[in-house]
Amino acid sequence: MVTVKEQYEAFPYPERDPEDEKTRLITGSPSHPLEMDHFLWNGARDWSQPLRVLVAGGGTGDGLIQLATLMQKAGAPAEITYLDLSEASRAVAEARAATRGLDTIAFHTASLLDAPDYGTFDYIDCCGVLHHLPDPAEGFRALRAALAPGGGMGFMVYAPYGRSGVYPLQEAFAALFDGVPPQERLERAKRIVAALPEGHPFACNPNLGDHHKSDAGFYDLLLHGQDRAFSVPDLLDVLGETGWDLASFTTPAMYDLARIAEVPDGMDKAAQMAVAEKLRGTIRMHTAYAVAAGAEPPMATGRNRKLVPHLRGVQRQALAKAVAKGKMLPLRLGQLTAEVNLPKEAAALIAGIDGRRSLDEIARAAHLDPLGFGTLWGRVDAALAPWGLLLYSGLLRQTGAAPRA
């Protein structure tokens with residue numbers, strides 16, 4: 001077998017060209033500062049205080065570059081530590097940071113299992129790494145040991161049902177290509193995948209696309225020597241065993257059984273999420289935030305009128321106009337489609353979301369009394385926040401930075 005380190009030295013993942021940083025910023029979840037504040041700090045973090053960040057298994061740097069760039073643009077202080085086993089991946093991440101002039105990052109070639117040796121951190125990013133460890137629980141424990149009081153983690157691990165067909169191919173290729181160098185493994189596997197019958201579970205799976213994007217994507221998806229997926233119960237179990245609590249998935253609506261079927265009396269939240277995952281059937285990764293076990297629930301809600309709302313992934317004026325006309329907002333998340341419906345009266349509130357005004361200020365501008373605003377805003381919050389489209393954070397208000405989605 002090719003070791004994980006050997007794989008990422010040969011095929012740094014995801015494949016990135018540092019020159020592209022001159023023209024675009026890749027954004028996503030987790031590790032967007034607004035999202036972090038919303039899910040981990042009740043939307044009320046004091047951004048004048050330096051944010052101590054660990055990017056554990058940072059790869060070629062997507063989460064790292066997003067976080068460092070947005071913090072720099074907001075004028076918010078940060079101290080960022082990057083760890084990765086692959087020197088080739090680190091070189092790409094360093095080049096991307098240099099292109100952007102990011103100078104708050106300390107780069108280290110090391111395992112995330114060594115995380116506690118680098119101190120404690122307010123925020124830990126760990127995306128696409130824990131499921132590649134021989135013992136993922138050991139990784140969760142190491143990161144928990146590196147978490148500062150009041151801190152949290154944004155992470156991504158693979159999920160089983162949306163990756164249908166992947167694991168039989170991984171097992172077959174492991175048997176076929178034992179001892180074969182990485183490049184030859186890639187070439188031989190590509191020929192086999194191209195000839196798969198139409199009915200093969202992998203060939204039928206529309207949720208997967210990495211193998212079409214790059215050689216690194218193909219190798220990471222189908223030739224990885226160490227890869228496992230976590231169902232919702234698996235994930236909750238390993239979090240509980242290692243000192244973590246799930247704060248929230250980044251799109252909790254995906255795991256909301258009540259949106260799919262009638263919930264049986266007495267079914268607890270964990271069981272509901274597990275059933276929802278099976279009924280969705282297309283979730284290929286779990287992206288979520290976690291906090292220390294026993295911590296107070298940290299997620300922001302619109303019940304606190306001092307919070308500052310943000311729209312993410314939608315333009316407020318376009319959304320406000322559509323709502324005013326009674327149009328529904330179509331959503332597409334992978335293979336999942338949904339629609340968001342809001343009352344026409346909510347258009348003025350949506351138009352007031354500029355990333356700096358608090359809910360109280362939006363209510364006053366709309367000339368709504370507290371009760372009327374609470375009722376109407378409750379519908380806005382319930383429609384948008386579960387899909388990750390509405391977040392609460394005082395980052396831009398505190399720093400005076402330009403609003404951004």
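Predicted model: local features only at pLDDT ≥ 70, side-chain atom pairs only at ≥ 80, totals over all residues.
**Cores**

The largest nonpolar core contains 68 residues. Within this core, the residues with the most contacts are L143, M153, L235, W377, L384 and L390. Helix α15, residues 370-384, contributes the most to the core, giving 6 residues. Another core, of 31 residues, lies apart from the largest one, and F39, A76, A93 and L102 are among its members.

When neighbours within four places in sequence are left aside, L143 is in contact with L54, A56, L112, A115, I124, C126, L130, M153 and W244.

An α-helix has 3.6 residues a turn, so residues three or four places apart point the same way.

| Helix | Residues | Buried residues |
|---|---|---|
| α6 | 166-176 | V166, Y167, L169, Q170, F173 |
| α12 | 316-324 | L319, A320, V323 |

The buried residues of α6 fall within an arc of 160° when seen down the helix axis, so they line one face of the helix. On the face turned away from that buried side, α6 carries the exposed residues E171 and A175. The cover over the buried residues of α6 includes strand β5 (147-158) and helices α7 (182-194) and α9 (215-222).

For α12, the buried residues fall within an arc of 100° seen down the axis, so they too line one face. The exposed residues A318 and K321 are carried on the face of α12 turned away from its buried side. The buried residues of α12 pack against β8 (309-311), β9 (329-333), α13 (347-351) and α15. Just after α12, G326 takes a positive phi of about 80°.

**Residue Q183**

Helix α7, part of the cover over α6, includes Q183. Q183 and F11 are 172 residues apart along the chain, and their C-alpha atoms are separated by 9.2 Å.

**Packing of α10 and α11**

Two packed helices are described by the angle between their axes and the distance between the axes. Helices α10 (residues 232-241) and α11 (residues 269-280) pack at an angle of about 140°, and their axes are 8 Å apart. The two helices are therefore oblique to each other. From α10 the contact involves V232, P233 and L236, and from α11 it involves A270, M273, A274 and E277. By class, this contact has 6 nonpolar residues, 1 charged residue and no polar residues.

Definitions and conventions
Residues numbered from 1 in each chain as written. Heavy atoms only, no water. Axes fitted to C-alpha atoms, helices over the stretch in contact; angles between N-to-C directions. Helix = DSSP H or I, 4+ residues; strand = E, 2+ residues; numbered from the N terminus. Parallel < 35°, antiparallel > 145°, perpendicular 65-115°, else oblique. Contact = heavy atoms within 4.5 Å. Nonpolar A, V, L, I, M, F, W, Y, C, P; charged D, E, K, R; others polar. Core = buried A, V, L, I, M, F, W, Y, C linked by side-chain atoms within 4.5 Å. Buried < 20%, exposed > 50% of the residue type's maximum accessible area, 1.4 Å probe, protein only. Arc of directions from axis to C-beta.
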